[in-house]
Amino acid sequence: MSNPFPTTSLKLQGVQILAPVPQEAKHIFNQEALGLVATLHRAFNGERKRLLAARQEQQKLRDEGVLPDFLPETAHIREDPTWTGPPLAKGLQDRRCEITGPTDRKMVINALNSNVATYMADFEDSLTPAWKNLVDGQVNLYDGVRRNLAFTSNGKQYKLNLDPKRHIPTLIVRPRGWHLEEKHVLVDGEPVSGGIFDFALYFFNNARETLERGFGPYFYLPKMEHHLEAKLWNDIFNFSQDYIGIPRGTIRGSVLIETLPAAFQMDEIIYQLRQHIGGLNCGRWDYIFSFIKSMRKHKEFILPDRSQVTMASPFMASYVKLLVHTCHKRQVHALGGMAAQIPIKDDEARNRAALENVTKDKLREVQAGCDSCWVAHPALVPVVLKVFNEHMKGPNQINVPPKTPYKPVTARDLLSPYVPEAKITEQGIRVNCIIGLSYIEAWLRNVGCVPINYLMEDAATAEVSRTQLWQWVTHGAVTDQGQKVTKEYVAKLLDEEYSKLAKSAPAGNKFKPALDYFKPEALGEKYSDFVTTLIYNDVTTVGRPTTAEKL
């Protein structure tokens, strides 16, 4: 189908931008930066597509009953004790508290003003990839690197705290995963990878400036399912460093182990990135989503209500145990998971209980050997720091001997769906309906990070909600009250929750299209690999020009 919108033709042969570039972003979209985008696309997009096709083949094998396992062909990598990652990079030695969030200007300012070690600026799960969001994010990070950030909203001014005595958090950027494309930018008529686009623009425009300011071009790498996907990032890192003339190994990439297949390849992922690796992270919500998704054809892998699948659940605890052991063996950081709570300002008792749960969760992580954890809100920082400062006296725990001898984690440990006192409840079904509908509705309004019931929800938790409902309906799960989870039963509850949400929402809401997207998935009528790819086209037309522009 031909593109109905005029395009921006660049001097760079074969490069088109199907959206306007505002004046304040012209410096980001310079010819040299776009040249790197195009060059990386031409060199590496074919391999990206081959690796995505390999994911589908592996899923077919799992559907047929071939369970995930440690790879026999890479046993020599796992068993070789002599190799390690690189020395810890500047600004990444102590990462005990990391804050995460999207790249809007207010968030970037608040994050860089927080008393945390690092800030993960997110182009992925907490950001809708509408063109304006992506462009603004690149501008905000460009200004953030240069400490030139200010913002006014409703008469209130936000600006960076530049007190020279104060530590400014080290900036780490999360580009989009390999499965996402950037359809506003074409190279030789083909959409570029969202990850390549996010990485290349930030890297080219900021790498040298970050080095001059005492840190470097650092990244979080999401959603990988195979160590060859890490090799692809490593190849891109090497090419890009050579391209601008900085030493190989300058980049650091911390990898989110947030898919079930990747949990069996932690050593191999570190090995592929061993010149650039910054650590591995426990991406808990995406990991639960991937566990269900990977094993979705098999009834024995049904999980209970999301609220019951905690990090203390045996299969989740095994995943963390293996990650910590693997990282410290290879002399890199074991990065803990997210505390998604936000303050409950109107209920002191509930707020206190929520913070107590955060304390318990972070105590578990630091005692498990994690070197850091994530928070979604600045109010959680003092809670987290109190725990980590008390129990982690050095900058990290890489060389701190574990309190108990390590017992190897087996494939069975990682695959057991056992959750103590597990149950599926009607309330759990309703919560999944609410989160799925509310998140998709917000995403369609270009909002990628949503507070729901005092938790900050992003694409990962929406994926859990969608996939759990699909799993329960498909396999005829039974609730704690003996109710079989049928298509008709979930449809009834979903329609009830939709009616309440739509009735209380302001005019112009997008709950109806959200329901249209979510309902077939929740009722087991179809299964999409990712909800973000399912609904991505709805945000690609936003902001397209009506007349051609020149950069």
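Predicted model: local features only at pLDDT ≥ 70, side-chain atom pairs only at ≥ 80, totals over all residues.

Trainee: Why is Arg105 called buried?

Mentor: Arg105 has a relative accessible area of 18%. Buried means under 20%, so Arg105 gets that label.

Trainee: Where is Arg105, and what does it touch?

Mentor: Arg105 is in helix H3, residues 105-112. Leaving out residues up to four places away in sequence, Arg105 touches Val139, Asn140, Asp143, Asn148, Leu149, Ala150 and Phe151.

Trainee: What makes the pairing of Arg105 and Asp143 a polar contact?

Mentor: The distance between the two side chains in that contact is 3.0 Å. The cut-off for a pair of N or O atoms is 3.5 Å, with one able to donate a hydrogen and the other to accept it. Arg105 also has a polar side-chain atom 2.8 Å from the backbone oxygen of Ala150.

Trainee: Is Pro20 buried or partly exposed?

Mentor: Pro20 has 22% relative accessibility. Pro20 sits in the loop between strand S2 (15-17) and H1.

Trainee: Why does Glu463 count as buried?

Mentor: The relative accessibility of Glu463 is 3%. The limit for buried is under 20%, so the label applies to Glu463. Glu463 belongs to helix H15, residues 459-474. The side chain of Glu463 makes a polar contact of 2.7 Å with the side chain of Arg466.

Trainee: Which residues does Glu463 touch beyond four places away in sequence?

Mentor: Those residues are Phe289, Phe530, Val531 and Thr532.

Trainee: What domains does the assignment give?

Mentor: The assignment gives domain 1 (23-413) and domain 2 (423-535). Their centres, taken over C-alpha atoms, are 26 Å apart. The contact takes 38 residues from domain 1 and 36 residues from domain 2.

Trainee: How do you know how much area is buried between domain 1 and domain 2?

Mentor: The size of an interface is often given as the accessible area lost when the parts come together. For domain 1 and domain 2 that area is about 3,300 Å², and carbon and sulfur atoms give 60% of it. Phe289, Arg296 and Arg306 supply 20% of what domain 1 buries against domain 2, more than any other three residues.

Trainee: What makes the link between Arg306 and Glu457 a salt bridge?

Mentor: The closest N and O atoms of Arg306 and Glu457 are 3.3 Å apart. The cut-off is 4 Å, from a side-chain nitrogen of Lys or Arg to a carboxyl oxygen of Asp or Glu, so the pair qualifies. The count of salt bridges between the two domains is one. Polar contact there involves 21 residue pairs, both residues being at pLDDT 80 or more. On the side of domain 1 that touches domain 2, H1 and helix H9 (284-294) each supply at least two residues. H9 has the largest share of that side, with six residues.

Trainee: How many residues does the largest nonpolar core have?

Mentor: That core has 136 residues, and Phe29, Phe199, Ile257, Leu280 and Tyr319 have the most contacts inside it. Helix H1 (residues 31-63) gives the most to this core, with nine residues. At least three residues of the core come from each of domain 1 and domain 2. Another core, apart from this one, has 37 residues, including Ile302 and Phe518.

How values were computed. Residues numbered from 1 in each chain as written. Heavy atoms only, no water. Core = buried A, V, L, I, M, F, W, Y, C linked by side-chain atoms within 4.5 Å. Buried < 20%, exposed > 50% of the residue type's maximum accessible area, 1.4 Å probe, protein only. Helix = DSSP H or I, 4+ residues; strand = E, 2+ residues; numbered from the N terminus. Domains from an automatic or database assignment. Contact = heavy atoms within 4.5 Å. Buried area = accessible area lost by both parts, 1.4 Å probe.
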